[in-house]
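Please keep the sequence and the model in view while working through the numbered points.

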Amino acid sequence: MSARTIAEAASQPIGVFDSGIGGLTVVKALRELLPSEKIVYLGDTARVPYGSKSPSTVERYSLEIAEMLMAQSAKVIVVACNTASSVALPKLEQTFSVPVMGVIRPGAQAAISASRNRHIGVIGTRATIRSGAYEKTLRGLDSNVRVTSRACPLLVPLIEEGWLDDELTDRIIARYLEPLIKEGIDTLVLGCTHYPLLSPAIERALGGNVALVDSARNCAAAVQLLLRRESLAAKPSDTGSLQVALTDAPDNFLRVAKEALQLDIGEVEVREVLHRTSAL
């Protein structure tokens, strides 16, 4: 690749997608870590949630959304969705020529580093937990690690309602986490990109004795390393930007995300899903 071609590639945007708006937690971390980068975010709000869909459906949706990002010349695709990362990452890596980064491996690596007793808890959607992706990745990094996982399907609806600091939310979190705490975990992976919005409430439930691993923040750090390794990082003098598009009109959660993340989103574009015509 010529110097000019490398420079042109580096100036292209990072493409980020999620099943909805929860992946804006990854965007927030990327903006803080990589202020010179252009970011294009696409939330599949027309078909959210992915967590209750079959693996084949999640894979198909992910390919369609990633193809829309490629149409905007994305230099990297960031899968800011644990469900899509858990079931669609291999197919995405096989299909597209640009690097693809999911949220699971960076979160798993951070959890291994944080754990002292080698007992790690994971919470996520039903699809993410059912896939066993975190367990497989964690054990691949450390064969002696013990993993206790729990699906927490009520958390995303509570977050999307904006009940981030609410007695009912605290009670539900406590009920979900109580068995993990009793099992003796010393590290908890937030295996859904919505969940960092509940970090204060989750920390209250954990009582300060368990390390919290934010997969969104660790994913952003992994993207930074990837861009450097592949010579795709924007110049420090470049002006970063954020473009947000959704596949359906934004709902209340976009307001919640803006307020909770203090993220300057600007005008949101609504785009129709580009359905793939080729066989998977």
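1. Ala205 is partly exposed, with a relative accessible area of 26%; buried means under 20% relative accessible area, exposed over 50%, and partly exposed in between, computed with a 1.4 Å probe on protein chains only. This residue, Ala205, belongs to helix 10 (residues 199-206). Helices (H or I, at least four residues) and strands (E, at least two) are DSSP runs, numbered from the N terminus.

2. The model is predicted: local features need pLDDT of at least 70 and side-chain atom pairs count only at pLDDT 80 or more, while totals for chains, interfaces and linings use all residues. Residues are numbered from 1 along each chain as its sequence is written, and side-chain values use heavy atoms, with hydrogens and water left out.

3. Which residues are in contact with Ala205, leaving aside its neighbours within four places in sequence? They are Ile173, Ala174, Leu177 and Ile181, where contact means heavy atoms within 4.5 Å. From Ser11, Ala205 is 194 residues apart in sequence and 43 Å apart in space, C-alpha to C-alpha.

4. Six strands form an open sheet in the order 4-3-1-2-9-10, with parallel pairing; two strands pair if DSSP finds at least two bridges between them. Strand 4 (100-101) and strand 10 (268-270) stand at the edges with a single partner strand each, so one side of each has no neighbour in the sheet. Within the sheet, strand 1 (residues 14-18) and strand 3 (residues 76-79) run parallel and are joined by four bridges. Phe17 has Val79 of strand 3 as its bridge partner.

5. Strand 7 (residues 187-191) is mostly covered, since five of its five residues are buried. In a regular strand the side chains alternate between the two faces of the sheet. Here Thr187, Val189 and Gly191 point one way, and Leu188 and Leu190 the other way. Five bridges connect strand 7 in parallel with strand 5 (residues 119-124), and Ile123 has Leu190 as its bridge partner. Strand 7 also pairs in the parallel sense with strand 8 (residues 211-214) over four bridges, where Val189 stands opposite Val213.

6. Glu135, in helix 7 (residues 133-141), deserves a separate look. What does the side chain of Glu135 make a polar contact with? The partner is the side chain of Ser149, at 2.5 Å.

Methods: Polar contact = N/O pair within 3.5 Å; in protein donor to acceptor, adjacent residues only side chain to side chain.
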